[in-house]
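Welcome! Here is a short tour for anyone meeting this structure for the first time.

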Amino acid sequence: MSARAASAAAALCARRRPRLRRIITRVSGDERQEFVLRIVQPSLVGMIDGTVSTLAPIFAAAISSSSHTALVVGIATALGAGVSMGFSEALSDTGEETGRGSAVVRGAITGVATTLGGVFHSLPFVIRDVHTALIVAGIVVAVELFAIAWVRYRFLKVSLRNSLVMVTFGGSIVVLIGVLVGSS
């Protein structure tokens, strides 16, 4: 293959990569390990915390009160958890010793991922009927937990089956806590 053909092929491959991936690669560097440490890991920590830690208050509010209360509690919990996790990540490691990159960038990534993880399963509570909202929220949580397991499989090379078992187990414990507290 000529140099010109190789250059054209490389340009075609570069155009096929999603724009977001190219931007992230520029910010974090081209190394896969850097990408995992600086982008994937903070995102994953945020998604796990946002998804799992907000389940108990949302489900407790839904069971003991109403859909509207669960929505308000869910949004407030997601936003509060996002701020808390963002600051925690930013303040826990400057990135200089570990090579994990800018503390501010990691904190922002973790905070946004945490907020999104909590907001998605709060939104079904716009449905007035709390029983229907609980079912829809349960489906959303299942999708979120699968997404977390897939990211762990894709980037951390963890078995998809083992990851699904672990994230589902953790999520189930927290939902059970919410149901027990909400029923009391």
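## The chain at a glance

Of the 184 residues in the protein chain, 36% count as buried. Please keep in mind that this is a predicted model. The chain has 8 helices and 0 strands, so read from the N terminus on, its elements run α-α-α-α-α-α-α-α. Among contacts between residues at least 6 apart in sequence, 65% join residues at least 24 apart.

## How α5 and α6 pack

Two packed helices are described by the angle between their axes and the distance between the axes. For helix α5 (residues 67–92) and helix α6 (residues 103–119), the angle is about 160 degrees and the axes lie 7 Å apart. Angles over 145 degrees count as roughly antiparallel, and α5 and α6 are therefore roughly antiparallel to each other. The crossing of α5 past α6 is right-handed.

Which residues of α5 and α6 make the contact? On the α5 side they are G74, I75, A78, L79, A81, G82, M85, G86, E89 and A90. On the α6 side they are A103, R106, G107, T110, G111, T114, T115, G118 and V119. Sorted by class, this contact of α5 with α6 has 8 nonpolar, 9 polar and 2 charged residues.

## How α3 and α7 pack

Next come α3 and α7, which also pack at an angle of about 160 degrees, here with axes 10 Å apart. That makes α3 roughly antiparallel to α7. In this pair, α3 passes α7 in a left-handed crossing.

From α3, the contact draws on R32, F35, V36, V40, L44, M47, I48, T51 and V52. From α7, the partners are E144, L145, I148, V151, R152, R154, F155 and L156. The residues in the contact of α3 with α7 divide into 12 nonpolar, 1 polar and 4 charged.

In soluble globular proteins, nonpolar side chains tend to be buried together. In this model, the largest nonpolar core has 21 residues, of which F59, A62, A70, F125, L134 and L145 touch the most other members. At least two residues of this core come from each of α3 (32–53), α4 (55–64), α5, α7 (130–156) and α8 (160–183). Which helix gives the most to this core? It is α7, with 8 residues.

Leaving aside its neighbours within four places in sequence, L145 is in contact with T51, V52, V167 and T168. There is also a second, separate core of 6 residues, including V36, I39, I109 and F155.

Note on methods. Residues numbered from 1 in each chain as written. Predicted model: local features only at pLDDT ≥ 70, side-chain atom pairs only at ≥ 80, totals over all residues. Heavy atoms only, no water. Axes fitted to C-alpha atoms, helices over the stretch in contact; angles between N-to-C directions. Helix = DSSP H or I, 4+ residues; strand = E, 2+ residues; numbered from the N terminus. Parallel < 35°, antiparallel > 145°, perpendicular 65-115°, else oblique. Left-handed = near helix turned anticlockwise from the far one by under 90°. Contact = heavy atoms within 4.5 Å. Nonpolar A, V, L, I, M, F, W, Y, C, P; charged D, E, K, R; others polar. Core = buried A, V, L, I, M, F, W, Y, C linked by side-chain atoms within 4.5 Å. Buried < 20%, exposed > 50% of the residue type's maximum accessible area, 1.4 Å probe, protein only.
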